[in-house]
Amino acid sequence: MAILLGGLALVLFIAASAFFTVHQTQQVLITQFGEPIRVVRTPGLNVKVPLVQTVIPFDRRLLDYDAPGEEVILGDQRRLIVDSFTRYRITDPLLFYQTVGAAEQGIRGRLSSIVSSSLRRVLGSEGLVNVLSAERGRVMGEIRRQVDEEARRFGIEVVDVRIRRADLPDENTQAILNRMQSERERVAREARAEGAEVAARVRAQADRDRTVLLAEAEANAAILRGSGEQEAIRVFAEAFRRDPEFFQFWRTMQAYREVFSNGESRMVLTPESDFFRFFREIPNVASPAAAATLPRGGTAPAGSAPQPAAPPAAPSVQPEPASPAPAGTPAEGR
């Protein structure tokens, strides 16, 4: 009974090992004692020889490989740190198994060298402008083509190769930043110089306009002053022409007012000076009534009419004589 049960279990185990399932995301390579027999790509239930044949599954989806960043010298002798990634698919499981093995990790080392060499070949003939501009698609297409041609001998198809990041080395980055800063400073200096030139031109034009306006204003003012003085001289001349004696009297009264208004003026003149002519023509003011009509200092009020000449006697109001001095010495006001 036990032998029967053991035989039955063995039969069930052998029958179970004869069936295997292929997932829709997989493709299977059947080997017999390590020798490839056939490839199964159709999803579903399949049969193999139990205990003799082995099922090796391979992923049929897109696989990715991220290459480490490496320094590449471009065609214009500039250095660039390139970080790329690759998308590939296993198209021939038998060739893949024969060249790489059953594990997918075996292809990563091969792809690393292929992608690195392709990047160096293609980017070595391109400038930095092409890598960082719209020409980048063409450059990456050429890299993908070269990688795909070399990877087909491993049973895989390279679908895409892209540069994830392209940076300059740190020393180059600092040099470029310094150059950019110098360029910005140069542009700023040019802008400031142009602004200073415009400002100087505007100030010069404003100064010129100011000078012209002041000159014209002074010229007009001089013309107006000349016209006014001319009119004043004409009026004075007309008045003097009408009554010369009154005009002389009026001007003399004005001189008296200016000289004797403060009451402290002293004059060094002879009594016979022409300046005191109207003092001599004033009537005798010895009487208190006549003296009361005269201001302090003995001068007649400004604008008063001249009186008839007095009898030949010395005028009652005489200027204070000073120390002996030549006759006709000019007047000194204090």
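Modeller: Contact means heavy atoms within 4.5 Å. Among contacts in the protein chain with a separation of 6 or more, 63% join residues 24 or more positions apart. This is a predicted model, where local features need pLDDT of at least 70 and side-chain atom pairs need 80 or more, while totals for chains, interfaces and linings use all residues. Numbering runs from 1 along each chain as its sequence is written, and side-chain values use heavy atoms, without hydrogens or water.

Some background on the chain. Its 334 residues are 24% buried (under 20% relative accessible area; exposed is over 50%, partly exposed in between; 1.4 Å probe, protein chains only). There are 9 helices and 9 strands (DSSP runs numbered from the N terminus: H or I of at least four residues, E of at least two).

The largest nonpolar core holds 34 residues (buried Ala, Val, Leu, Ile, Met, Phe, Trp, Tyr and Cys joined through side-chain atoms within 4.5 Å). Seven elements supply at least two residues each: strands β5 (53-59), β6 (63-66), β8 (79-90) and β9 (156-167), with helices α3 (105-123), α4 (128-131) and α5 (136-151). Helix α3 gives the most, 7 residues. Ile107, Leu123, Ile143 and Ile156 have the most contacts inside this core.

Take Ile107. Leaving out residues up to four places away in sequence, Ile107 touches Tyr88, Phe96, Val100, Phe154 and Ile156. Ile156 is itself on the list of residues with the most contacts inside the core.

A second core is separate, with 8 residues that include Phe249, Tyr256, Phe260 and Phe279. Look at helix α7 (residues 244-260) here. Its 17 residues reach 24 Å from first C-alpha to last. That is close to the 24 Å expected (1.5 Å times one less than the number of residues). An α-helix has 3.6 residues a turn, so residues three or four places apart point the same way.

For contrast, look outside. Leu4 lies in helix α1 (residues 2-17). At 60% relative accessible area, Leu4 is exposed. Phe33 is in the loop between β2 (26-32) and β3 (35-40). Most residues other than glycine have a negative phi.
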